[in-house]
Amino acid sequence: TLAVNWGDSLSPDNVEQYMFGAGTTSFSLTHQYLDDNPTATLSDDYTIGLTITDDDTGTSSDTASVTIDNVAPQLGSLSATTIDEHGTTTLTGVITDAGTLDTLTLNVNWGDPLSPDNVEQYTLAAGTTTFSLTHRYLVDNPTATSSDDYTIGLTITDDDTGTTSDTTSVTVANVAPLLGNLSATTIDEHGSTTLTGTITDPGTLDTLTLDVTWGDPLSPDNVEQYTLGAGTTTLSLTHQYLDNNPTATSSDDYTIGLTITDDDSGTTSDTTSVTVANVAPLLG
């Protein structure tokens, strides 16, 4: 009878007993080691204890050792969904680790330096084979592009310091800003109208340029350009109309044209109108 202690306390088959027929002079046995143990080592030596006993209670013991090398985990099938700016991508992937008892640490650099959550760390339980993570990109960066690819860097490390790195990318598309609720106060000639409206841009980090044509060719300020800071959501502008034009009318409607452009060349145009009333001359 041969009793074998494989020195593998994590295994339910750590201690096994084998019966050999009379005259047996050699043996060959197998055992699967699921992990090199303890943690934080690249390899470990396990001591195998053997005790052989004959049917007359004669017994002898000896030991052998086996070296178990850690195998670093691997990443595969990495992908991230394409999104619009201010949207949330979903990053997925597959993990392969021969050490099924290893706990894992996944470090992700989203390639998004404008985000406070650019670098994140996740702890994954032993046996984890897939992951699905999310991250919001507030803007496509750098500026002056209609879309940008961000490189996402991943490093996975097991509890025995085995580590592997890989990358994937996510495409973030710019979204053009929109104008809304445009209106201009009705005025008398020589008065100043107030033009108001709202701005919607999911790219909250985009700076904006607003071009306004007041429809007033007699004015040197007929065309004006305004630079608006990132996050601007409203506008309020003024313009003086010296006359209601053309002549021979008691009032005239001027068409105001507006074009808003973000720093990634996304652009939208819209119009509103202002009524300018004639004022009768007075003698005095």
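**Pocket lining, strand pairing and backbone geometry**

Strand S3 gives the most to the lining of the largest pocket, contributing four residues. The model is a predicted one, in which local features require pLDDT of at least 70 and side-chain atom pairs count only at pLDDT 80 or more, whereas totals for chains, interfaces and linings use all residues. Residues are numbered from 1 along each chain as its sequence is written, and side-chain values use heavy atoms, with hydrogens and water left out. Strands are DSSP runs of E with at least two residues, numbered from the N terminus.

The largest pocket has a volume of about 380 Å³. A pocket is an open set of points on a 1 Å grid over the protein atoms alone, where a 1.4 Å probe fits and protein lies on both sides within 12 Å along at least five of seven lines; lining residues have an atom within 4 Å of a point. The volume is the space filled by probe spheres set on the points, which are joined across faces, edges and corners. The lining comprises 20 residues, of which Thr1, Phe20, Ile52, Thr53 and Asp54 are the closest to the pocket centre. At least two lining residues are supplied by each of S3 (43–53) and S4 (59–69).

An open sheet is formed by three strands in the order S5-S7-S10, with antiparallel pairing. Two strands are taken to pair if DSSP finds at least two bridges between them. Five bridges link S5 to S7 (residues 87–96) in the antiparallel sense, and Ser79 has Thr92 of S7 as its bridge partner.

Strand S20 (residues 267–277) contains Thr272. Thr272 counts as buried because its relative accessibility is 13% (buried, under 20%; exposed, over 50%; partly exposed in between; 1.4 Å probe, protein chains only). Apart from neighbours within four places in sequence, Thr272 is in contact (heavy atoms within 4.5 Å) with Leu182, Ser183, Ala184, Leu195, Tyr254, Thr255 and Ile256.

Most residues other than glycine have a negative phi, and most peptide bonds are trans. The hairpin of S19 and S20 has four residues between the strands, and within this hairpin Ser265 takes a positive phi near 75 degrees. A positive phi of about 75 degrees is also found at His190, which is not a glycine. His190 lies in the loop between S14 (187–188) and S15 (192–200) and is exposed, with a relative accessible area of 52%.

The peptide bond from Asn141 to Pro142 is cis, with omega near 10 degrees, and Pro142 belongs to the loop between S10 and S11 (147–158). A cis peptide bond with omega near 10 degrees likewise runs from Asn245 to Pro246. Pro246 is located in the loop between S18 (234–240) and S19 (251–262).
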